[in-house]
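Reader: I am new to this structure. Please show me how to read its features.

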Amino acid sequence: MTDLPFPVLPGSNGEYIPDPPTAHDRDVEHAARRALDEAASRAGMDRRRFLQSAAGVATVLATLDLAACSSAGKRAARTTSTSARPGGTYTVPPTTHEVEACAAALSGTEFVFDVHTHHVMPDGPWVKNAPSTVQLVLGMLPTDCSAANRLECASRAAYLHDLLLGSDTTVAMLTDVPNSGPADAPIPFTDALGTQAFANALTRGGASRVLVQNIIAPNAGPLAAHLDEMEANAATKGVAAFKVYTAWGPDGRGFALDDPAIGLPVLQKAHDLGVKVFVSHKGLPLVNFDAAHNTPDDIVAVSRIFPDMQFVVFHGAWNKNHVEGPYDANAPLGIDTFLRALDVHNVPPNSNVWVDLGTVWREVSKRPDEAAHVLGKLLSRAGEDRVLWGTDAIWYGSPQSQIMAFRAFQISVEYQDRYHYPALTDAVKRKVLGLNAANLFGIDAEATRCALAADPIAQAKPAAAELRNDGVLPAAYRPNGPTSRREMLSWLRHSATPWTPA
Ligand SMILES: [Zn+2]
């Protein structure tokens, strides 16, 4: 069965194992497939092509919207206190078979900066040394991946193609999964710099489209070696942020950022090296994770010790095993544990603690009411200047449908009133989609967008979109950049010099 243009069943990001779909999930999926068949035939389009269009995404969003309304209705029937009005809604054209109207409704000109992206080196030493990491990565690849070596679907070429050509993403930060160094890392730091160099060559030395994180595991082996590694990597000037997995360790034991023996020396080192953005994965339990060190309290605590650093809580402590609702200070898991830590440590909104939506948005967007609580809580408590766009692409392939869904999403007036959530206005969406991250990394969004507007990637985008839709390129039109994964791959193989049309 083909993938839906927007996923409705529980997914994995390769870092955790998804839950089996519930009967409700299955009902929504069937309803979406029926709606897609009907809309495609009313549009007079081949079904496969319709699925690849914005109208395909809009049709699924409309189905999710209907499902949310009917659940709200059922809740209201059970209790008298709950209204039948949903908390989160998708605004899409009323007749989703109108393909051009859908394309217009779900398109945008925002500066999109994805702070949470992945790829792998399919031939790296990790493939032999870290079999469990390979299994995790294979588990999250899109089901339509048909490469003989499936890791190729998450290669550097696939990354540059699916993310920069296949979506409205302008700038991305490249990260990695838990590892202890170059021997078991799907992308060792030097290879991440390689990806950045390739992207820069393609853009002909304009503004950079790829920023790089350096993942460190200070609890794997002697600490001093990791501090030296941080220093050597920072000397390349390529480290935009350091990232840790506090809940991970080679022996299954994590560490705390406010531990004087491990966390604090690492933070002091980052601080002294001038790398002022520090990221930690929190929540979203991975295989072999140490739950005791997966809570956000330590990263919020150290934000008070290092007030001139910026701390990013990846996944915002979201946990798939917890249903998000109105803030509950006693919640054992999830985003409420992050909000509680902000309260305990007296961190006001829009302070030096940030959150990213990687995988969180992709999962909660399937349940609009829960999505409204997640965004409402983060925007009001972390602050509307501190929520960062992240997608975990290219796990799952191109993030374009996630971007489209976010554009269409609204927090209902009822939830705004009842829970004091802000309205998800276009201005707030622009902040979340990119302006906040630009601010965090000191990037001038407007200047960057101008610098990149005429680069080969920007110019090749329309042609790449045509090719994805099985379109035929006009004979006289030769796009000024690689348009397909195959062209991207051959460019990467043959040179690191600027792209020249064949
Ligand atoms: Zn990730």
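Author: Met173 has Leu211 of strand 4 opposite. Strands count as paired if DSSP finds at least two bridges between them. Strands (E, at least two residues) and helices (H or I, at least four) are DSSP runs, numbered from the N terminus.

Reader: What should I know about the model and its numbering?

Author: This is a predicted model, in which local features need pLDDT of at least 70 and side-chain atom pairs count only at pLDDT 80 or more, while totals for chains, interfaces and linings use all residues. Residues are numbered from 1 along each chain as its sequence is written.

Reader: How many helices and strands does the chain have?

Author: The chain has 20 helices and 10 strands.

Reader: What is the strand order in the open sheet of eight strands?

Author: The order is 2-3-4-5-6-7-8-9, with parallel pairing. Strand 2 (112–117) and strand 9 (387–388) each have a single partner strand, so one side of each lacks a neighbour in the sheet.

Reader: Which strands does helix 17 touch?

Author: Residues are in contact if their C-beta atoms, placed from the backbone, lie within 7 Å. Helix 17 (residues 426–440) packs on the sheet and touches strand 2, strand 3, strand 6 (277–281), strand 7 (310–314), strand 8 (353–356) and strand 9. Its direction makes about 75° with that of strand 2. Axes are lines fitted to C-alpha atoms, for helices over the stretch in contact, and angles run from 0 to 180 degrees between N-to-C directions.

Reader: Is strand 5 mostly covered or uncovered?

Author: A residue is buried if 20 or more other C-beta atoms lie within 10 Å of its own, exposed if 12 or fewer, and partly exposed in between, with C-beta atoms placed from the backbone. Strand 5 (residues 241–245) is mostly covered, with five of its five residues buried. In a regular strand the side chains alternate between the two faces of the sheet. In strand 5, Ala241, Lys243 and Tyr245 are buried on one side, and Phe242 and Val244 on the other. Of the 502 residues of the chain, 53% count as buried.

Reader: What joins strand 5 to strand 6?

Author: Four bridges join these parallel strands, and Lys243 has Val279 as its bridge partner in strand 6. The chain goes from strand 5 through helix 10 (residues 263–273) to strand 6, and this β-α-β crossover is right-handed.

Reader: At what angle do helix 9 and helix 10 pack?

Author: The angle is about 20°, with the axes 10 Å apart. Angles under 35 degrees count as roughly parallel, over 145 as roughly antiparallel, 65 to 115 as roughly perpendicular and the rest as oblique. Helix 9 and helix 10 are therefore roughly parallel to each other. Residues making the contact include Leu223 and Leu227 of helix 9 and Pro265 and Lys269 of helix 10.

Note on methods
Contact = placed C-beta atoms within 7 Å. Right-handed = clockwise from strand over helix to strand, strands pointing away.
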